[in-house]
Amino acid sequence: MTKSWMTASVMMGIIMFVYQMMQPIIQQTIRPFILRSCNRYIQRFLACTNPYIEISIDECTEHHRQNGAYVAIQAYLRPKTSELARSMKAQLCPNKKLILNMADYEEIYDEFEGVKIWWYVGKTFSPRPAAASDFEHRHLKLQFHRQHRELITSSYITHVIREGEAILLQDRRRKLYSNNHTSWNRLVFDHPVKFHHIAMDPVKKKEIIDDLISFSNGKEYYEEIGKAWKRGYLLYGPPGTGKSSMVAAMANLLNYDIYDLELTAVKDNSDLRILMQATSNKSIIVIEDIDCSLNITRKRKDLVGTKDKEVVQEFCNPSRVTLSGLLNVIDGLWSASSGERIIVFTTNHIENIDPALIRKGRMDKHIEMSYCCFEGFKVLAKNYLKLDSHELFGAIENLISENQITPADVAEHLIPKTMNDDPEYCLKNLIQALEKAKENRLLTANPQEETKTEDTSEISEPQELEEKTD
């Protein structure tokens, strides 16, 4: 008996030793295999007994970025959430509007073409890279009967995302982005300017508006002709003619975000590509004063025959953004994945820009922001003085046609400086400024007459003295 117990003890010791040695292998290979096999059979059993199918939409993507489909579906479900959900989460948006979303583990239903669909909010825990704690994010689950698989996967989900994106576009606030190396800083864009504030010829203004609306509605057209859904605008003209205001009016018309790209803050072409790929859909990418941003816009023919090594190195330095790099991101292969975007260049001196940068096809529409005309003046008079007509308009029309004055200068004279300044006083100030500008222009155009007058006065004095002496 004693020998049997000793043998059994030895055998148990051997078994425990072998188990301790084999435990890592069991944990890493055998156990997961058994669990997967069991789970597979359990899923098959449930599939036979449960006629419902589930589709999960995570709040974040694999790289822990916000999932656009999740946000769109959440916007679509908000009206039904406020009507059907028992547990909700309230959130105050920047525009002071209160929105309600489903709370965690809440369920509501929806109907589509007579089919009932259930939506459920759950939570998912996944390891966060380089972090001690797990990353918690939510997911939406869509549940429906398997006999409606074709309808749900082909029509319903597309319908939900499209409607949700339309709601987001209607409710969202425009943002203004500025770049810092390879990232964008943003703030809310609340510029109030609209196209009816822009002082320019009404026919030209309507042409620009129609072109913008046609572009924003042209997704199918651009796909049909095989072009990336983007359009380039070149705004050129003297300072103070409203180029920046035109960009703001474009954003307000189309409800697009603005990305103010400062090329001098970009290290090289690689960083420029990263910045451009980080821009969102439905946006306007603006490079103001393109002729002054970098030396890339200098005409390449100026470098032909240049022997100065410093000059050549300045324009060929690989650590800077090059003309080729800029062309690739706005019109090359990298631009094709950008989506719906407008690219705007502004300049005061169009002649200083390389022709390759502003040719048709890259900058599709060239818009000259010229000096103020009488029609532009009437727009400013309506905006600042609430005047559609006045007896002084005739004199102003004649003077504006004889002078080159920017809309910014006209607006400066029309803005009342005090509460006691009436519209007529402001119009007279403008007339006085226009008359003075006309006099200066005439003096500049005929400097010889002024010189002759001065010479005559100098000669007449000695003649008078001689007469008195005689």
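In what order do the seven strands of the open sheet stand? Good morning. The order is S8-S7-S10-S11-S12-S9-S13, and the pairing is mixed. Strands here are DSSP runs (E, at least two residues), numbered from the N terminus, and two strands pair if DSSP finds at least two bridges between them.

Before I continue, please note that this is a predicted model, in which local features need pLDDT of at least 70 and side-chain atom pairs count only at pLDDT 80 or more, while totals for chains, interfaces and linings use all residues. Residues are numbered from 1 along each chain as its sequence is written, and side-chain values use heavy atoms, without hydrogens and water.

Strand S7 (residues 175-180) pairs with S8 in the antiparallel sense over six bridges. Within this pairing, Ser178 has Asn185 in S8 as its bridge partner.

I turn now to the cysteines. The structure holds zero disulfides, a disulfide being a pair of cysteine sulfur atoms within 2.5 Å. For Cys372, the nearest cysteine sulfur is that of Cys373, 5.9 Å away. Cys372 is buried, with a relative accessible area of 5%; buried means under 20% (1.4 Å probe, protein chains only). Cys426 is also buried, at 1%.

Finally, confidence. The chain has a mean pLDDT of 81, where pLDDT is the predictor's confidence in each residue, from 0 to 100. Over residues 309-319 the pLDDT is below 50. Where pLDDT is low, the predicted coordinates should not be read in detail.

Conventions. Buried means under 20% relative accessible area, exposed over 50%, partly exposed in between (1.4 Å probe, protein chains only). Contact means heavy atoms within 4.5 Å. Helices (H or I, at least four residues) and strands (E, at least two) are DSSP runs, numbered from the N terminus.
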